[in-house]
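Subject: Structure handover

Hi,

Here is the structure I promised to pass on. Please load it before you read the notes below.

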Number of protein chains: 2
Amino acid sequence: MHPDFTLHNLPFGIFNTVNSEPRVGVAFGDQIIDMALASNWAIFDDFLTNKQKEAFEQPFLNDFIRLGRPVWRRVREVLQLALTKPTLQCQLPAHAFVPMAEATMHLPVQIGDYTDFYSSIDHATNVGKMFRDPANALLPNWRHLPVGYHGRASSVVVSGTDIRRPSGQMMPKGATQPVFGLSRRLDFELETAFIVGKDSPLGTALTPADFDEHVFGMVLFNDWSARDIQQWEYVPLGPFLGKSFGSSMSPWVVTMEALAPFRVPGYEQDPTPLPYLQETNPLPNLDINLEVVLATSTGDADSGQTVISRSNQRFLYWSQAQQLTHHTVNGCNIRVGDLMASGTISGPERSSWGSLLELSWGGAEPLALANGDTRTFLEDGDTVTFRAWAGEGEHRIGFGEVTGRIVG
Amino acid sequence: MHPDFTLHNLPFGIFNTVNSEPRVGVAFGDQIIDMALASNWAIFDDFLTNKQKEAFEQPFLNDFIRLGRPVWRRVREVLQLALTKPTLQCQLPAHAFVPMAEATMHLPVQIGDYTDFYSSIDHATNVGKMFRDPANALLPNWRHLPVGYHGRASSVVVSGTDIRRPSGQMMPKGATQPVFGLSRRLDFELETAFIVGKDSPLGTALTPADFDEHVFGMVLFNDWSARDIQQWEYVPLGPFLGKSFGSSMSPWVVTMEALAPFRVPGYEQDPTPLPYLQETNPLPNLDINLEVVLATSTGDADSGQTVISRSNQRFLYWSQAQQLTHHTVNGCNIRVGDLMASGTISGPERSSWGSLLELSWGGAEPLALANGDTRTFLEDGDTVTFRAWAGEGEHRIGFGEVTGRIVG
């Protein structure tokens with residue numbers, strides 16, 4: 001029984017087996033409920049037409065998400081009821097339960113636009129200290145708005161996809177001419193992301209109060225970064241090829257409803273943000289444990305794995321609702337399936353930093369691994385896995401994992 | 001007879017009339033050839049199946065583009081033949097010709113990712129002089145790689161769509177606290193863009209020689225910019241809300257085949273780029289005239305219009321093939337419908353600068369208009385129109401226009 005996928009969770013994803021095409025599934029324990037089959041159960045007829053049920057047969061969640069928040073909530077509630085009452089559960093067609101071990105997971109949504117924020121104050125401070133001025137690590141705008149940039153949507157891949165070490169142009173320290181070659185400073189970034197659940201038209205600004213209506217759920221996200229490529233290219237227009245070679249996403253989308261019991265107060269913001277960015281929700285942040293495991297290709301399975309960071313979603317200075325609000329304040333439209341990532345989530349302690357750039361302090365202080373190896377940046381054969389969960393036991397809401405192995 | 005849409009041009013777009021759903025059309029003079037109808041003509045049966053012909057009934061060009069370069073070329077050649085020989089032309093169904101005046105144009109492609117480059121050396125130099133160091137206007141990386149960034153795809157709109165003046169956060173000159181309000185430094189950026197015609201898988205680097213195979217055609221592109229929002233937000237991760245409130249695209253996609261006669265030598269590049277970026281095509285650039293017309297809402301139609309810039313595609317330092325090559329050198333995948341824009345195309349003379357930021361030198365030197373008005377940045381009611389063409393008379397290859405009016 002997978003501890004992440006309790007009755008209180010029921011995340012949505014896209015899977016297939018050797019016998020089926022990609023379709024919508026719901027994770028429950030070690031099983032996947034095949035929604036293309038389960039939705040034929042009579043109880044779904046109360047609120048879904050046959051036409052609407054076709055959304056469960058699609059290779060992305062977008063059509064299901066477009067059915068709207070009342071439908072997402074109802075589907076989850078009906079399943080919770082059915083899985084709780086044996087008399088109901090036995091009405092669910094038995095062949096709608098697929099062992100996870102027999103399924104292949106796919107990218108859950110067709111992403112329209114992918115935006116990456118930069119909302120952890122400890123991460124932004126660490127980066128500022130390393131690359132700019134230790135005395136003025138945060139740039140003047142940072143505490144006034146959630147800094148963000150557009151990322152590449154085409155290269156977002158599902159967990160388990162190998163990540164090829166990118167080549168590119170770099171300016172080595174002390175060199176006078178750039179060189180071309182494989183990145184030597186390949187890194188992960190510990191992030192989460194939320195998925196837009198409802199369009200807003202061009203010209204419309206959303207407010208923090210619109211968040212619940214417009215957001216479907218959350219995933220784990222690894223914004224792989226080639227620091228040497230990024231450092232040479234990023235002025236003045238931001239990250240480009242240092243990021244666009246691949247970003248990994250966990251396959252199960254945990255709904256905002258499932259996460260609601262884990263809402264916590266926001267980060268104390270000083271100065272007070274401008275009125276348009278002010279939270280109305282007294283609990284705008286989330287208490288979600290985050291963990292990074294690095295496994296090397298040397299050593300046995302146990303000694304080769306090291307938990308190299310333990311962080312938490314609550315370390316974000318800017319809340320998700322503030323991110324969404326800022327993103328649309330200029331009238332920018334959003335679409336179902338848009339992905340908005342947090343930026344690297346680092347906490348105040350070194351053990352909670354969310355990238356090797358920080359953990360090895362720019363490569364100057366190698367990180368010791370459990371098997372005696374050290375790392376500054378990622379080597380070929382290394383596998384990075386993020387895990388995330390809120391709560392405990394039968395109330396645990398887990399994300400599963402996002403994992404990727406570096407190949408040369 | 002529209003001078004842009006000669007027999008040698010035949011650009012593709014998406015249109016509808018009061019009697020039809022959006023579908024593929026080809027511009028010819030003042031008419032649109034309705035390809036959903038014209039493709040039933042027997043001569044198309046030689047190389048298109050009925051299934052393939054369904055691509056002409058779609059609301060975006062993507063499915064047609066996916067049929068591949070031999071098909072794009074063949075369709076254009078067949079139409080050129082048919083429109084040249086009266087005996088053939090009369091075999092084309094008469095109702096397949098729709099007067100442009102009766103048609104509504106739509107966004108021609110479903111854009112996957114939109115990338116904006118920064119490839120005009122005169123533009124980058126002007127901006128560097130204004131915002132950074134006049135003595136070192138170009139940043140160290142600029143002459144070594146085509147700087148680019150990811151833009152927002154959702155807010156790309158078709159020509160003719162009004163552009164709402166965005167609100168946002170700004171730090172006025174001399175202020176110590178940011179303010180929220182309507183942008184006061186709203187600008188256009190004169191750009192062109194090419195549209196990807198063939199996917200490349202993640203992990204594959206393209207070379208300049210792959211350009212012809214992977215690019216379908218070109219459009220005019222206005223990358224509207226709110227300079228005050230942009231200036232406050234853009235460090236360290238690049239442009240975001242200063243751009244994402246809207247970008248306008250011309251509706252007719254001019255094929256690279258139509259533009260082939262106007263290929264010219266590339267900009268002299270010093271230093272020589274790294275080998276992966278070196279051109280193999282002796283004529284990597286294009287001689288395309290570009291023109292910006294500003295019309296104010298005051299005055300009559302004639303006196304209210306001023307040509308405020310005359311530029312040319314050949315002023316680009318980095319060629320389109322170099323842009324595509326650089327974009328994929330890290331293995332980033334591209335997809336049919338991806339949009340890659342040039343960045344503002346300014347020439348060496350002030351009369352050829354491609355933004356008001358440059359033309360008014362950051363607002364310090366107001367621009368005189370034909371009707372006696374002046375402009376530093378755009379005012380509500382102003383309409384900006386770009387036009388572009390190569391060649392003359394019956395050999396002219398024109399882009400039509402991209403136009404947009406600022407509304408408050």
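Predicted model: local features only at pLDDT ≥ 70, side-chain atom pairs only at ≥ 80, totals over all residues.

**Interface of chain B and chain A**

The two chains bury about 5200 Å² between them. Carbon and sulfur atoms account for 63% of that area. On the chain B side, R152(B), L237(B) and F240(B) lose the most area to chain A. Together they make up 16% of what that side buries. The contact takes 55 residues from chain B and 55 residues from chain A.

Polar pairing is there too. There are 23 residue pairs in polar contact between the chains, counting residues at pLDDT 80 or more. Six elements of chain B each supply at least two residues to the side that touches chain A: β6 (114–117), β7 (148–151), β10 (167–170), β11 (179–182), α8 (227–233) and α10 (320–328). Strand β7(B) gives the most, with four residues. By class, that side of chain B has 29 nonpolar, 19 polar and seven charged residues.

Four salt bridges cross the interface. One of them joins R152(A) to D113(B). Their closest N and O atoms are 3.5 Å apart.

**The annotated site in chain A**

Which residues does UniProt list for "binding site"? The unreviewed entry gives D223(A), K243(A) and S247(A). They span 25 residues in sequence, yet no two of their C-alpha atoms are more than 7.5 Å apart, so they gather at one spot.

Start with D223(A). This residue sits in the loop between β14 (215–222) and β15 (225–226) of chain A. Its relative accessibility is 1%, so D223(A) counts as buried. Leaving out residues up to four places away in sequence, D223(A) touches Y114(A), D116(A), Y149(A), F188(A), E189(A), E191(A), K243(A) and S247(A). That list includes the other two annotated residues, K243(A) and S247(A).

Next, K243(A). It lies in the loop between α8 (227–233) and β16 (247–249) of chain A. K243(A) has 8% relative accessibility, so this residue counts as buried. With residues up to four places away in sequence again left out, K243(A) touches Y149(A), E189(A), D223(A), W224(A), S225(A), R227(A) and Q230(A). Y149(A) and E189(A) are in contact with D223(A) as well.

**N222(A), one strand residue**

N222(A) is part of strand β14 of chain A. Is N222(A) buried or exposed? It is buried, with a relative accessible area of 2%. A polar atom of the N222(A) side chain lies 3.2 Å from the backbone nitrogen of E189(A). Beyond its neighbours within four places in sequence, N222(A) is in contact with F188(A), E189(A), S247(A), S248(A), V384(A) and F386(A). Among these, S247(A) is on the UniProt list.

Helix α10 (residues 320–328) is mostly covered. Nine of its nine residues are buried.

Helix α6 covers residues 121–131. Its buried residues are I121(A), D122(A), H123(A), A124(A), N126(A), V127(A) and G128(A). What covers them includes α11 (356–359) of chain A.

Best wishes

Technical notes. Residues numbered from 1 in each chain as written. Chains lettered and ligands numbered in written order. Heavy atoms only, no water. Contact = heavy atoms within 4.5 Å. Buried area = accessible area lost by both parts, 1.4 Å probe. Salt bridge = Lys/Arg side-chain N within 4 Å of Asp/Glu carboxyl O. Polar contact = N/O pair within 3.5 Å; in protein donor to acceptor, adjacent residues only side chain to side chain. Nonpolar A, V, L, I, M, F, W, Y, C, P; charged D, E, K, R; others polar. UniProt positions renumbered as here; feature names shortened; annotations may be inferred. Buried < 20%, exposed > 50% of the residue type's maximum accessible area, 1.4 Å probe, protein only.
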